[in-house]
Amino acid sequence: MRWAPLLLMLAAPAAAQEAEDVEYWASISSGEALMRTGPGKTYPATWKYQRRDLPVKITQRYDNWRKITDPDGETGWMAVALLSERRTGMIRGDEVVPLYVTPDFDAPIRYRAEPGVVGKLDECNGTFCLMVMDDSRDGWVAQDVLWGVDPGEKFE
């Protein structure tokens with residue numbers, strides 16, 4: 001009986017260390033980041049990313065590690081210090097897509113972006129997102145061609 005409280009106290013930190021299922025979007029904040037097979041530096045690296053602002057989907061949390069999915073569907077763990085909450089998007093598909101002056105398919109086209117172009121997402125209205133590239137060029141792009149935002153998602 002004397003050991004029961006001690007055992008409960010020892011079990012609590014272990015329970016707190018279990019991976020939590022979550023789902024949200026983030027981006028790679030570092031110009032060089034490793035994806036690993038598990039949540040720790042002792043796990044082997046599977047991918048080396050050299051693209052700052054690449055959008056990733058976070059699916060689990062464990063201590064200072066996040067399980068991510070990249071635009072190609074690869075999954076693994078990345079240190080939270082290499083990630084940012086900055087919302088970014090990447091043009092998907094095989095076609096060049098228009099970026100409009102306003103969030104309207106009938107609006108004039110400001111730019112055209114090739115698949116793989118990455119930009120910051122300033123806002124999304126459920127149909128279009130305002131995408132900013134190189135901190136100077138921006139335009140409204142159809143939300144359904146982006147990796148980095150959920151269908152119908154809205155934010156400012």
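Reader: What makes the disulfide of Cys 124 and Cys 129 right-handed?

Author: In this predicted model, the torsion about the S-S bond of Cys 124 and Cys 129 is about 110°, and therefore the disulfide is right-handed. Local features are reported at pLDDT of at least 70 and side-chain atom pairs at pLDDT 80 or more, whereas totals for chains, interfaces and linings use all residues of this predicted model. Residues are numbered from 1 along each chain as its sequence is written, and side-chain values use heavy atoms, with hydrogens and water left out.

Reader: How do you know that a disulfide joins Cys 124 to Cys 129?

Author: The S to S distance between Cys 124 and Cys 129 is 2.0 Å, and a pair of cysteine sulfur atoms within 2.5 Å is a disulfide, so this pair qualifies. A search of the whole structure finds one disulfide, and both of its cysteines, Cys 124 and Cys 129, are buried.

Reader: Why is Lys 57 called buried?

Author: The relative accessible area of Lys 57 is 13%, and buried means under 20%, exposed over 50% and partly exposed in between (1.4 Å probe, protein chains only), so Lys 57 is placed among the buried residues. By that scale Glu 23, at 59% relative accessibility, counts as exposed, while Asp 150, at 28%, counts as partly exposed.

Reader: What makes the pair of Lys 57 and Glu 23 a salt bridge?

Author: The closest N and O atoms of Lys 57 and Glu 23 are 3.3 Å apart, and a salt bridge needs a side-chain nitrogen of Lys or Arg within 4 Å of a carboxyl oxygen of Asp or Glu, so the pair meets the definition. Lys 57 lies in strand β4 and Glu 23 in strand β1, so this pair ties together parts that are 34 residues apart in sequence; strands here are DSSP runs of E with at least two residues, numbered from the N terminus.

Reader: Which residues do salt bridges that share partners join into one network?

Author: Lys 57 also meets Asp 150 in a salt bridge, with N to O at 3.0 Å. Lys 57 is in strand β4 and Asp 150 in the loop between β14 and β15, so this pair ties together parts that are 93 residues apart in sequence. Through shared partners, Glu 23, Lys 57 and Asp 150 are joined into one network, and the structure as a whole holds eight salt bridges.

Conventions: Helix = DSSP H or I, 4+ residues; strand = E, 2+ residues; numbered from the N terminus.
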